[in-house]
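Student: I'm new to this one. Can you walk me through it in short steps?

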Amino acid sequence: MRAAGVLYIAASVGFLVVFGWLASAFGYPDVLDRSAAEVLPALLSLGVSGRLVWIAYALLPLLLIPAAVGAIEHFRGSDGLLARGARLGLILQVVAALTMMLGLARWSTANWALAEAWVTADASQRVVLAAVFDAFNAYLGNAIGEFVGELALYGSFLAFAGALWTRGSRRMAIFGAITGVAGLIGMFRNITDVVQPAADVTNLLLPLFLIGFGVFLIRRGGKAG
C-alpha cells in the first residue's frame, strides 16, 4: 500500500510538471483547437527534448496500474460487494492507463512523423497530412485517450469510493466520489461547452485526489506494517 501511495503521488506530480512544461512551450492543451499547419511545425520545433517530454507524458499513466494493484491491498480479505468494488476499480484503472497512454503516445510517434513529413510536403500533400492529423486527434485523442480513458479513470474512482465507504473511510470515499462525478460530467466537454465548469473543477480535483489517496495509502500501509 505504501508503494501504491508513492506511485499515485508520483503520477500526479509528474502530470503537473509535464503538463506545465507543455503549456509553456507548446501552448497545450489550447493548441488542440488549431490547424495542422500551425500545430505540426510547432511540434517539430520542440526538438529532441520536447519529444522526450511527450514520451514521458505518454508513459506516466502506466504508473496507475501498479498503483491500483497496490491500492486493493487495503481491501484484502474483504468479501462480497466490497471486494468486487475494489476489483472493478483495479480493472477500470488498468483500462484507463492503457487508453490514456495510447492517446498521448500519438504525439511522439504518429503526429511527430506527420510533422517531419510536413516540412518537405507540397500543398496537395499537406491536405492529406492535415486530414490524417485530424483523424489521429479525433480517434486516438478525443475518442480513445480522452473519452474512453477518462470514462474508465473516473469510473475507477467511483468504484474505489464505494469500497472505501463500505470499509469506513468515509472522507476519502466522498473525495473520490466527487472527483469521479465531476470527471464523468466534464468528459463531455468536447461535445458541449455546458459542462466546461465541471471539467475545470476536475482539473483541480484530479491531482488533489491522487495525492490525497496516495497519502491515505501510505498511512494505512504504515499502520498495517
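Student: What volume does the second largest pocket have?
Tutor: About 250 Å³. Keep in mind that this is a predicted model.

Student: How many residues line the second largest pocket, and which lie nearest its centre?
Tutor: There are 12 in the lining. Nearest the centre are Arg 171, Met 172, Phe 216, Arg 219 and Arg 220.

Student: Which elements give two or more residues to that lining?
Tutor: Helix 8 and helix 9 do. Helix 9 supplies the largest share, six residues.

Student: And by class, what's in the lining of that second largest pocket?
Tutor: Five charged residues, four nonpolar and three polar.

Student: OK, now the largest pocket. How much space lies in there?
Tutor: About 1,200 Å³. Its lining counts 42 residues, and the closest to the centre are Phe 19, Tyr 28, Glu 146, Glu 150 and Arg 189.

Student: Which elements give two or more residues to the lining of the largest pocket?
Tutor: Helix 1 (2-26), helix 5 (80-105), helix 7 (123-167), helix 8 (170-186) and helix 9 (196-224).

Student: Which helix gives the most to it?
Tutor: Helix 7, with 11 residues.

Student: How do the residues of that lining divide?
Tutor: Into 20 nonpolar, 13 polar and nine charged.

Student: New topic: aromatics. How many aromatic pairs does the structure hold?
Tutor: It holds 17. One of them is Trp 54 with Tyr 57, a tilted pair. The centres are 5.8 Å apart and the planes make 40°.

Student: Why does 40° between the planes count as tilted?
Tutor: Planes under 30 degrees apart count as stacked and those over 60 as edge-to-face, so 40° falls among the rest.

Student: How far apart are Trp 54 and Tyr 57 in helix 3?
Tutor: They are three residues apart in helix 3 (residues 47-59), so about one helical turn separates them.

Student: Are Trp 54 and Tyr 57 buried or exposed?
Tutor: Both are buried.

Student: Which residues form the aromatic cluster?
Tutor: Tyr 8, Tyr 154, Phe 157, Phe 160, Phe 175, Phe 209, Phe 213 and Phe 216 form one cluster. Phe 216 also came up at the second largest pocket, among the residues nearest its centre.

Student: What lies over the face of Trp 165?
Tutor: Arg 170, at 4.2 Å from the ring centre.

Student: What lies 2.8 Å from a polar atom of the Asp 122 side chain?
Tutor: The backbone nitrogen of Gln 125.

Student: How about Asp 122 and Ala 182?
Tutor: Those C-alpha atoms are 45 Å apart, and the residues are 60 apart along the chain. Ala 182 is in helix 8.

Student: Why does Ala 182 count as buried?
Tutor: Because its relative accessibility is 12%, and buried means under 20%.

Definitions and conventions:
Residues numbered from 1 in each chain as written. Predicted model: local features only at pLDDT ≥ 70, side-chain atom pairs only at ≥ 80, totals over all residues. Heavy atoms only, no water. 1 Å grid on protein atoms, 1.4 Å probe; cavity = no way out; pocket = protein on both sides within 12 Å on 5 of 7 lines; lining within 4 Å. Points joined across faces, edges and corners; volume = space filled by probe spheres on them. Helix = DSSP H or I, 4+ residues; strand = E, 2+ residues; numbered from the N terminus. Nonpolar A, V, L, I, M, F, W, Y, C, P; charged D, E, K, R; others polar. Polar contact = N/O pair within 3.5 Å; in protein donor to acceptor, adjacent residues only side chain to side chain. Phe/Tyr/Trp six-rings, centres within 6.5 Å; stacked < 30°, edge-to-face > 60°. Buried < 20%, exposed > 50% of the residue type's maximum accessible area, 1.4 Å probe, protein only. Lys NZ or Arg CZ within 6 Å of the ring centre and 35° of its normal.
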